[in-house]
Amino acid sequence: MTVQTRDVAGPAAPFLRRSDSDLHAIRNALPPEDVADFDQEFRTVMAEATSAMDLTVVAAFIGKWRRVAWSAGEPDGHRAMLDRARRLLAGEDVPTTPGCRPGRR
């Protein structure tokens with residue numbers, strides 16, 4: 001399997017071109033309000049991985065925070081998405097747009 005990256009313009013572009021899982025790059029691309037959560041979860045995940053001798057939780061952690069960092073490359077859109085999610089979870093009637101068309105991945 002070959003990892004392919006796409007050339008993207010904008011504030012997150014240097015991060016998006018990276019195909020590795022550099023934790024410093026991920027952390028640096030996060031909005032300031034997410035850094036403490038990243039740090040705390042990192043410590044928890046590393047302790048769990050050490051105890052279980054299983055890196056599956058580390059891979060999931062990296063994947064999750066890479067997606068957050070990618071989304072945060074557009075800070076206003078990222079915060080708007082989080083607000084819509086919060087409102088949906090609270091049961092509010094919020095207009096939404098599908099993330100992908102049915103039948104496509």
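1. Helix H5, in this predicted model, covers residues 75-89, and its 15 residues reach 21 Å from the first C-alpha to the last, close to the 21 Å expected at 1.5 Å a residue, where the expected span is 1.5 Å times one less than the number of residues. After H5 comes Gly 91, whose phi is positive, near 90 degrees. Residues are numbered from 1 along each chain as its sequence is written. Because the model is predicted, local features need pLDDT of at least 70 and side-chain atom pairs count only at pLDDT 80 or more, whereas totals for chains, interfaces and linings use all residues; side-chain values use heavy atoms, without hydrogens and water.

2. The chain has five helices and zero strands, helices being DSSP runs of H or I with at least four residues and strands runs of E with at least two, numbered from the N terminus. Of the 105 residues in the chain, 24% are buried, that is, under 20% relative accessible area with a 1.4 Å probe and protein chains only, while exposed means over 50% and partly exposed lies in between.

3. H3 and H4 pack with their axes 9 Å apart and at an angle of about 165 degrees; axes are lines fitted to C-alpha atoms, for helices over the stretch in contact, and angles run from 0 to 180 degrees between N-to-C directions. The two helices H3 and H4 are therefore roughly antiparallel, a label for angles over 145 degrees. Among the residues making the contact are Phe 38, Val 45 and Ala 49 of H3 and Val 58, Phe 61 and Trp 65 of H4, contact meaning heavy atoms within 4.5 Å. Leaving aside neighbours within four places in sequence, Val 45 is in contact with Val 57, Val 58 and Phe 61.

4. The largest nonpolar core has 12 residues, including Ile 26, Leu 30, Phe 38, Val 45, Phe 61 and Trp 65; such a core is a set of buried Ala, Val, Leu, Ile, Met, Phe, Trp, Tyr and Cys residues joined through side-chain atoms within 4.5 Å. Helix H3 (32-52) and helix H4 (56-71) are the elements that give two or more residues to this core, and H4 gives the most, with six residues. The buried residues of H4 are Val 58, Phe 61, Ile 62, Trp 65, Val 68, Ala 69 and Ser 71.

5. Met 53 deserves a look, being in the loop between H3 and H4 and having a positive phi of about 55 degrees although it is not a glycine. Met 53 is exposed, with a relative accessible area of 77%.

Key. Parallel < 35°, antiparallel > 145°, perpendicular 65-115°, else oblique.
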